[in-house]
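Visitor: I am new to this structure and would like to go through it in questions and answers. Please show it before we start.

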Amino acid sequence: MQKLSTYKDLADAYARLKPLMRLREESAQGEITKRELLVCGGTGCQSSRSQELLNNLTAAIKGAGLEDTVTAHITGCFGFCEKGPIVKVFPDDVFYVEVQPDDAKEIVEEHLKKNNLVSRLLYHDPAHAGRTLARQHDMDFYKKQERIALLHCGLINPELIDEYIAAEGYLGLAQCLEKMTPADVVAEIKASGLRGRGGGGFPTGIKWEVAAAQPGPVKYVVCNADEGDPGAFMDRSILEGDPHGIVEGMAIAGYAIGATHGYVYIRAEYPLAIARLQRAVDQAKEVGLLGKNILGSGFDFDLELKYGAGAFVCGEETALLRSIEGGRGEPTSKPPFPAQKGLWGKPTIINNVETLVNVPKILNRGAKWYYSFGSEKSKGTKVFALAGKINNVGLVEVPLGISLHEIIYEIGGGIKDGKQFKAVQTGGPSGGCIPASQIDAKIDYEALTAMGSMMGSGGMIVMDEDNCMVDIAKFYLDFTMEESCGKCTPCRVGNKRLYEMLTDITEGRGTMETLDKLQNLAQVIKDTALCGLGQTAPNPVLSTLKHFHDEYVAHVKDRRCPAGVCTALLDYFITDACIGCGLCKRDCPVSCITGEKREHHSIDTTRCIKCGACANKCPVKAIVRK
Amino acid sequence: MAETQMSADGLKSLARYMDQFEDKESAIIKVLYEAQHIFGYLSNDVMLFIAEKMDIPAAKIFGVVSFYSYFTTTPRGRCQIKACMGTACFVRGSEKVVSEFEKQLNIKRGQTSDDLKYSLDVLRCVGACGLAPVIVVNDKVYGKATAADVSKIINEIQG
């Protein structure tokens, strides 16, 4: 593409490129003469060989002589990761799931050449046994979703700037530069009700207003792409599927606060996201949408990527700034807030990936439109990463204020293997567990905090009856203990002590007194730690203590783990199903199994070391843990 | 001999890489990345070399290296087995998979085998939660792994 030097250049480019989207936006009517195939190219699907699948499709299309009428390319995450890799055919609007590289030929031969759907690759609706669904928006997984942040994921090829512009990309920025003052932009974002999607939920417009009001020519915009919450992959999918959206969002933020330089602080563990974003930055520079005098407006803005190096605390904004400056990522106390004194002492705004990707859409369609989604105090939509013991693992975007029930049972398709739903963990290591009894709760910032959890960046890990909540609390403490930077004592020492107490409880050394101490210390850490990491680290403990007190009591009083997870509290038994084959006896490392051939065997639980070797060996599954 | 030659070449290219930065302080993490990419790990000698070239106290360089889990000061194995221990993988049983690797390779998590063939690490979420539990060997991803798959994976990476 040639250089875009004025507002009109971009408007012309949009008018010229718009037809690229035609097949994808209109549903098929009459005879289909041209087709497009989009293959999911997110990390999840690429791990399931979607690149190879795309290569095979391209080859098969060529082999069938269809290359003039059919094109195939990659796109960002469709969100239905459980069923990946996904191939979507336009304009028929057909959605193939779990497609293997070897299936390429059949799709080309049957669907593209003969117009027959390949029904074996269609989605089988578990709610109506046997029924197959061809169209995306007929699936329960998608019905209640509202894609704004994820609008371009699964719609455009993220590696081509032409496609982004064709889908109204950079029009939001152009509009700001042509028709709005920086103060107008801030006002528009304020009016949209957009709040920080990285966890805290601070109103984005107010943050921008504070930074805009600071004097001085040097300010910075930082995108926090250090998505460290385990089990959360919203930001990664947005970076991979809509990298230009981040570039545009940051440029708009720069214009609004008067910054000319931006940094994206991105996790090194996301190589694909890094590659796509770097490509987007390079393309934007090439056509003049980044750099000097953007679209002839006199506004300069440049972007640079900075890699994280594996430190969870760097998701905390002050720690992140220290890391960009090149040092250890240790947090500093607030105030001063980064908006006043941030990177190298200059006013800096730090926004999360999902927050920024919403910005161009708000500018494009207006604050009122965005404000119309969501609940009373939480406007717009939120992307959640559904994972754990749920049928439909994936990325979902829903209007805030939706109920937990709708997310887990309607979109998520319920609990895996028909088990009992026990709890859902939101907010990552800083959040808490919401018990099954609160299934009808509405999901927004205030409601989650009231339940002792938090929005966090949007991870939602579903747990079933087989998960021990004490063990889960211990898992999170293990994480925060490892990731504590060590600067302040409550976090460095306190979390270690919490972890030790939880270990005692899971290994049968806890007493009721341990539970009291646990509660006390957790509260102290919450009140006294320096940064967000320390202050929220005890949340998993406090919320499980509150909602699953019985389970803690069972561990310390009865020395029993109701979920059957904590091995130290379990004993192995041989049931009546035993056929007396003797395999377990032969494999027991401490020879504590006795029994004659072809007769019922038994385990001496006083000598058993609970290694589980016998249970693994048993051909009739007669060895159980109780 | 070959090794000294390699490290001399490596230091030369690292020095060239460092020269491009005007503000040395903010480039520390990038330089350490490059150094680890060249040498596989960050030895004392390499850290001292960087400190001297960039005119930054060695203590500061070491402080940065020890802070971030990405950097390693010991050599890693040729096959780097990384098991995801993010929450999604954890609740779907990744602990059992890691234990099985430990048992079969006879090394603990965080360790490298004596012959430098394998190292075993746990990492926090690669973001492929739909495939949980996930094992990454070098750059290849094994999804929905179970303890029973471990010997198959080891066989495959040996071959």
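Predicted model: local features only at pLDDT ≥ 70, side-chain atom pairs only at ≥ 80, totals over all residues.

Visitor: In what order do the elements of chain B run from the N terminus on?
Guide: Chain B holds 7 helices and 4 strands. Read from the N terminus on, its elements run α-α-α-α-β-α-α-β-β-β-α.

Visitor: What share of the residues in chain B is buried?
Guide: The C-alpha trace of chain B spans about 50 × 35 × 20 Å along its principal axes. A residue counts as buried under 20% relative accessible area. Of the 159 residues in chain B, the buried share is 51%.

Visitor: Among the contacts in chain B with a separation of 6 or more, what share comes from residues 24 or more positions apart?
Guide: Contact here means heavy atoms within 4.5 Å. For chain B, the share from residues 24 or more positions apart, among contacts with a separation of 6 or more, is 62%.

Visitor: How much area is buried between chain A and chain B?
Guide: The contact takes 54 residues from chain A and 32 residues from chain B. Carbon and sulfur atoms give 58% of the area buried between the two chains, and that area is about 3,200 Å².

Visitor: Which three residues supply more than any others of the area that chain A buries against chain B?
Guide: Together these three supply 19% of the area that chain A buries against chain B. They are A:Ala309, A:Arg328 and A:Phe475.

Visitor: Which residue of chain A meets B:Arg92 in a salt bridge?
Guide: Across the interface of chain A and chain B the rule finds 3 salt bridges. In the one formed by the side chain of B:Arg92, the N to O distance is 3.7 Å, and the partner is A:Glu82.

Visitor: Which element gives the most residues to the side of chain A that touches chain B?
Guide: The interface also has 12 residue pairs in polar contact. Elements giving two or more residues to this side of chain A include helix H14 (317–324), strand E11 (381–388) and helix H19 (469–483). The element that gives the most, with 8 residues, is H19(A).

Visitor: Why does A:Val186 count as buried?
Guide: A:Val186 lies in helix H9 of chain A. Among the residues it touches are A:Trp208 and A:Ala256. The limit for buried is under 20% relative accessible area. A:Val186 counts as buried because its relative accessibility is 6%.

Terms used: Residues numbered from 1 in each chain as written. Chains lettered and ligands numbered in written order. Heavy atoms only, no water. Buried area = accessible area lost by both parts, 1.4 Å probe. Salt bridge = Lys/Arg side-chain N within 4 Å of Asp/Glu carboxyl O. Polar contact = N/O pair within 3.5 Å; in protein donor to acceptor, adjacent residues only side chain to side chain. Buried < 20%, exposed > 50% of the residue type's maximum accessible area, 1.4 Å probe, protein only. Lists of a residue's contacts leave out its neighbours within four places in sequence.
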